[in-house]
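Thanks for coming. I have one structure to go through today, so please look at it while I talk.

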Amino acid sequence: MSEPFASTRRKFLARTGALGITAGTASPPLAQTAQPPNVPEWMRAPGEPVLWRKYGLPSEFEQNVVRRFNPTRRMKVPGEGPSYTPLQDLHGTITPSGLVFERHHSGIPNIDPAQHRLMVHGLVKQPMVFSIEDLARFPSVSRIYFLECSGNTNTEYRAPVAKSVQESHGLFSNCEWTGVMLSTILEQVGLQPDAHWILAEGADAAAMTRSVPIAKCLDDAMLVYTQNGEALRPEQGYPLRLLLPGWEGNMSIKWLRRIKVASEPFMTREETSKYTDLMPDGRSRQFSFVMEAKSVITFPSAGHKLKERGFYEISGLAWSGSGRISRVHVSIDGGRNWREAQIQEPILSRAAVRFSLPWRWEGGEAILQSRVIDETGYVQPTRQQIISVRGTGPWFYHNNAIQSWKVSPSGEITNVHT
Amino acid sequence: MFIRDCVMFSIAATAAAATMAQGYGIGKKATDKEIAGWNIDIAPDGKGLPAGSGNVALGKEIYDQKCAACHGAKGEGTPADELVGGAGSLKTKPVRTIGSFWPYATTVYDYVYRSMPYTNPQSLTANETYAVTAYLLHLNGIVGADAVMDASSLPKVQMPNRAGFFVLGGTDTANRACTAECK
């Protein structure tokens with residue numbers, strides 16, 4: 001009788017550590033008993049039973065693929081701050097719900113959906129209160145959109161400090177969202193003629209609020225209760241969040257409890273003292289809602305190591321808050337020459353695309369960059385081009401600069417500025 | 001067959017249109033009492049400010065007790081945000097505080113009430129919230145030690161950085177899609 005599977009697995013894990021291309025150091029060889037011509041142990045006895053886990057989890061060998069804090073960011077108080085999506089370990093375009101980045105301002109509330117209500121009032125013809133069941137009765141739509149914190153990549157404008165693409169670009173995720181169009185709800189309550197803005201308010205302890213122009217609300221704004229086919233995760237606003245495609249993530253208010261329609265913006269703390277862009281002349285750009293076109297190579301990226309010369313596929317993500325992606329260029333010489341990358345279908349408005357370029361590494365130094373062009377003709381800028389207009393902060397949202405990864409002759413990948 | 005399909009489609013479309021014309025009829029009307037309990041936002045013109053008032057002295061008492069542990073004895077910050085100082089710093093080495101950066105005094109009331117104290121938000125009374133707001137404005141040298149804040153006086157407070165914001169309404173960066181021998 002062979003030993004129980006779990007015990008074998010633990011020993012295997014202890015020997016090899018997590019698999020995958022993520023490790024910066026060479027993995028130890030696989031257990032010889034599992035490799036040809038030997039028959040692996042897991043073929044010699046039945047595995048775990050059906051319903052081993054009622055809600056599935058990733059393989060134990062993938063336990064390195066997790067959200068993380070950014071070590072360069074100071075946590076002010078418990079419940080405040082971001083966690084980052086491990087983009088270096090993900091493929092395709094959809095971010096698994098459990099790996100979607102977080103940014104909370106006063107913790108994650110534990111909301112009973114039967115008790116949760118959305119109030120819509122202010123400059124409307126009939127103020128209303130909706131339960132989650134009510135909202136799910138309205139015609140629903142499912143759409144894929146990216147979500148990006150406007151503070152994404154904000155550690156990088158002065159010096160290349162991030163140790164991975166998770167730290168540099170991990171306040172970015174891309175999911176399928178299901179819910180009711182906000183326009184449907186606003187039609188039901190009826191807008192008064194001077195309705196130009198809404199205030200969206202969360203049911204967290206921060207009672208997070210942002211003002212949103214009515215045009216966006218009537219365009220593509222959604223009230224979502226589902227993410228990647230299942231109920232929103234608590235960290236993502238369960239049971240209801242606002243989703244404003246392509247706009248700074250902070251505005252997609254989680255745990256949405258109230259929409260107040262008004263004629264003017266409310267000038268909340270989050271849209272005055274935060275989420276404004278201080279310029280070198282001392283004035284601040286306000287209501288910079290759109291997350292402009294951005295791309296980043298996720299493989300190879302900082303922390304990866306190329307173990308041998310030969311073929312590699314350079315791969316990354318591109319997106320634009322202004323619409324669809326038109327083209328992505330990739331450079332392997334620090335931006336001197338660029339080649340057109342292949343973009344995988346589907347190309348959806350305000351959603352991530354996966355791009356790729358075949359590459360043969362001959363063992364020399366290379367600086368890898370990607371540059372996206374969206375359907376408006378906007379070309380992703382360099383860091384120098386952004387700094388020439390906006391200065392270097394110290395506060396900096398909306399950093400959509402071209403990212404550089406340096407490949408050293410030893411195959412190490414590091415984060416650099418050019 | 002084709003004609004029948006068209007007729008069937010027509011009936012279905014008519015039924016859908018009739019359904020829409022009646023509205024969805026989902027949800028319930030919000031009562032004044034329900035709205036009053038949740039309607040906590042304060043607009044920059046002061047709309048939404050409740051009755052009551054508070055002065056700097058009471059604000060100091062509340063601040064020392066409920067705010068100083070995170071924001072410092074005099075609002076200097078750490079672990080949480082600094083609330084005081086930074087006047088005139090925005091062009092050089094920016095320190096963004098209520099005094100140096102916030103454009104509206106009403107936002108202080110709104111934010112303190114809805115989000116603070118961090119461990120017990122929406123717990124301050126209107127008088128207490130006015131008082132804390134008065135004290136924070138006083139620490140920043142914006143109102144005097146004898147200031148009293150209420151629904152009339154608070155919207156009139158002139159914040160130093162009131163004119164410090166603009167809306168761009170477009171992009172401010174430019175690149176071109178050079179592909180060969182680029183600089």
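Predicted model: local features only at pLDDT ≥ 70, side-chain atom pairs only at ≥ 80, totals over all residues.

Residues are numbered from 1 along each chain as its sequence is written, and chains are lettered from A and ligands numbered from 1 in the order in which they are written.

Chain A has 7 helices and 23 strands; helices (H or I, at least four residues) and strands (E, at least two) are DSSP runs, numbered from the N terminus. Along the principal axes, the C-alpha atoms of chain A fill a box of roughly 75 × 60 × 40 Å.

On to the domains. Chain A splits into domain 1 (5–62), domain 2 (99–280) and domain 3 (294–416), with bounds from an automatic or database domain assignment. The centres of domain 2 and domain 3 of chain A, over C-alpha atoms, are 28 Å apart. Each of these two domains of chain A gives 26 residues to their contact, where contact means C-beta atoms, placed from the backbone, within 7 Å. On the domain 2 side, strand E5 (141–148), helix H3 (165–169) and strand E13 (277–278) of chain A each give two or more residues.

Next, a sheet. Five strands of chain A form an open sheet in the order E18-E17-E21-E22-E23, with antiparallel pairing; two strands pair if DSSP finds at least two bridges between them. Strand E18 (339–340) and strand E23 (413–416) of chain A are the edges, each pairing on one side only. Inside the sheet, strand E21 (366–374) and strand E22 (404–407) of chain A are joined by 4 bridges, with A:Ala366 opposite A:Val407.

Last, how many residues does chain A bring into contact with chain B? There are 55, against 47 residues of chain B. Elements of chain A that give two or more residues include strand E12 (256–262), helix H7 (383–390) and strand E14 (284–286). E14(A) also pairs in the parallel sense with strand E4 (165–167) of chain B, over 3 bridges. There, A:Arg285 stands opposite B:Phe166.
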